[in-house]
Amino acid sequence: MEKPSAAAHPELPKWLWVVNFTGAVLMMVALPPFCYYMWNCIVESGGALVSPVGLFAKIPAPTLTSVEIFFGWFFLHVILQIAAPGKTAYGLPLPDGGRLAYKMNGLFSFWFSIAVAVGVVYFGFLSPGVLYDQFGPLLTTVNIFTFVFSFYLYWLGKTSPTPERTTRNVIYDYFMGMALNPRIGSFDLKLFCEARPGLIGWVLINFSMAAKQYQLHHTVTVPMILVCAFHFLYVADYYFNEDAVLTTWDIKYENFGWMLCWGDLVWVPFTYTIQALYLVNHTHELPGWGIAGIVALNMTGYAIFRLTNIQKHRFRNDPTRLVWGKKPEYLTTTTGSLLLTSGWWGIARHLNYFGDLMMGLAWCLPTLFDHPLTYFYIVYFTILLVHRERRDNNFCRTKYGADWDRYCAKVRWRIIPGIY
Ligand code: NDP
């Protein structure tokens, strides 16, 4: 396997190394307060942007309930990861030629853990709106956990006989991680954090927001239902196609350190739920044409996203399989890898990102247009995917050389055909 991430490379030009290092520090310093800021704007000012002065004084300490919920949820998923039924899938070949085995029991864990959460509420152990009530303390609890856990990951990588892509800069290595696939026995920490407590927690936080809206206003509005349903579909879809995660960038190439760990456990569940959080106390409804338009946007985006991703996944597993009913067209590279140039992959180099962006916009629209904060997700996600595409492009150019240029000449558009 090539070394893909120039970001973690010690022989980078000095200026680029400084930029990367500064970015890493800024992210660790600024992103956690930013999560509190968004939460605070919504619960204290109804979504209006307010001065962040005095924010730190408002950061809540963990509560016993938030600690119990987080660790209860986390260890429920640890147990499910170990014990739940599921087939074994194999990751892409590693530099030594071996392939790691992964237990693909996410779909079972998804339904089972949601059923457990429903049971906990049904039998009165927790109130259905508890994740709204405990949002701030939970955010603190999980933040503390991820910062500490990332030290453990750092240590695990450092003591591993084969630390991967390290820079010998403690802060940067803590941020990016020291190992590609840190494991305890056969328990894969990266896949677990990427795919379990945070991802399903996102769905559960949304449900709790809907319950809170009902508790406070005796209604669950259509915008709330749309947001919850869209997010539920997105996460459930992930589990229906669980194997596909093994060929994504994060699993193939990204070390597991603070960046991924914090992103998986804090960023995803606590910022992707911002629309539902906002809707708790905004009980507007939508006209029929608005609902139809938003549903159409989401489902079109979903279809593009899903079909594109699955097409590449199937092609990589079986290059003879028909693409849109015809023999696939592809480029054979000198590395031996094939690059698909027909079907969805003949339209743009990352049409999957375009579908994802369409869905992202559909998730924001139900909040209407009173506050820019509720459009945070689509703005952030556009930046993320444009940056990700650039990074992937650089990586592929390094990996495939002139073959990649041939591919780009054939498939001209990066993300949106005719525009970008
Ligand atoms: P991709 O699944 O698009 O994978 C990119 C890799 O695919 C390349 O590095 C290359 O790897 C291979 N590839 C590129 N072009 C071709 C081709 N024509 N034929 C065959 N293989 C090709 O990217 P990501 O892993 O970034 O994204 C996966 C999905 O996850 C996307 O839908 C994205 O929108 C979504 N996503 C969602 C996020 C969220 O927070 N909701 C965050 C990030 C991503 P190689 O050749 O080395 O195999």
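**Reading the helices**

Mentor: Keep in mind that this is a predicted model. Let's start with burial: in H2, the buried residues are Ser66, Ile69, Phe70, Trp73, Phe74, Leu76, His77, Val78, Leu80 and Gln81.

Trainee: How many residues does helix H2 have, and how far does it reach?

Mentor: Helix H2 covers residues 64-83, which is 20 residues. From first C-alpha to last it reaches 28 Å, close to the 28 Å expected at 1.5 Å a residue.

Trainee: What span should helix H1 have, at 1.5 Å a residue?

Mentor: H1 runs over residues 14-45, so its 32 residues should span 46 Å, and the 44 Å between its end C-alpha atoms agrees with that. H1 does bend, by about 30° at Ala30, with Pro32 following within four residues. Just after H1, Gly46 has a positive phi of about 65°.

Trainee: Is Ala30 buried, exposed or partly exposed, and why?

Mentor: Ala30 counts as partly exposed because its relative accessibility is 40%.

Trainee: And how do I read a pair of helices?

Mentor: Two packed helices are described by the angle between their axes and the distance between those axes. Here, the axes of H14 (residues 351-364) and H15 (residues 376-400) come within 9 Å and cross at roughly 170°. That crossing makes H14 roughly antiparallel to H15, since angles over 145 degrees count that way.

Trainee: Which residues meet there?

Mentor: Among them are Tyr353, Leu357 and Trp363 in H14, and Phe381, Leu385 and Arg388 in H15. By class, the contact has 9 nonpolar, 2 polar and 3 charged residues.

Definitions and conventions: Residues numbered from 1 in each chain as written. Predicted model: local features only at pLDDT ≥ 70, side-chain atom pairs only at ≥ 80, totals over all residues. Heavy atoms only, no water. Axes fitted to C-alpha atoms, helices over the stretch in contact; angles between N-to-C directions. Helix = DSSP H or I, 4+ residues; strand = E, 2+ residues; numbered from the N terminus. Parallel < 35°, antiparallel > 145°, perpendicular 65-115°, else oblique. Contact = heavy atoms within 4.5 Å. Nonpolar A, V, L, I, M, F, W, Y, C, P; charged D, E, K, R; others polar. Expected span 1.5 Å × (residues − 1). Bend = angle between axes of the 7 residues up to and from the residue. Buried < 20%, exposed > 50% of the residue type's maximum accessible area, 1.4 Å probe, protein only.
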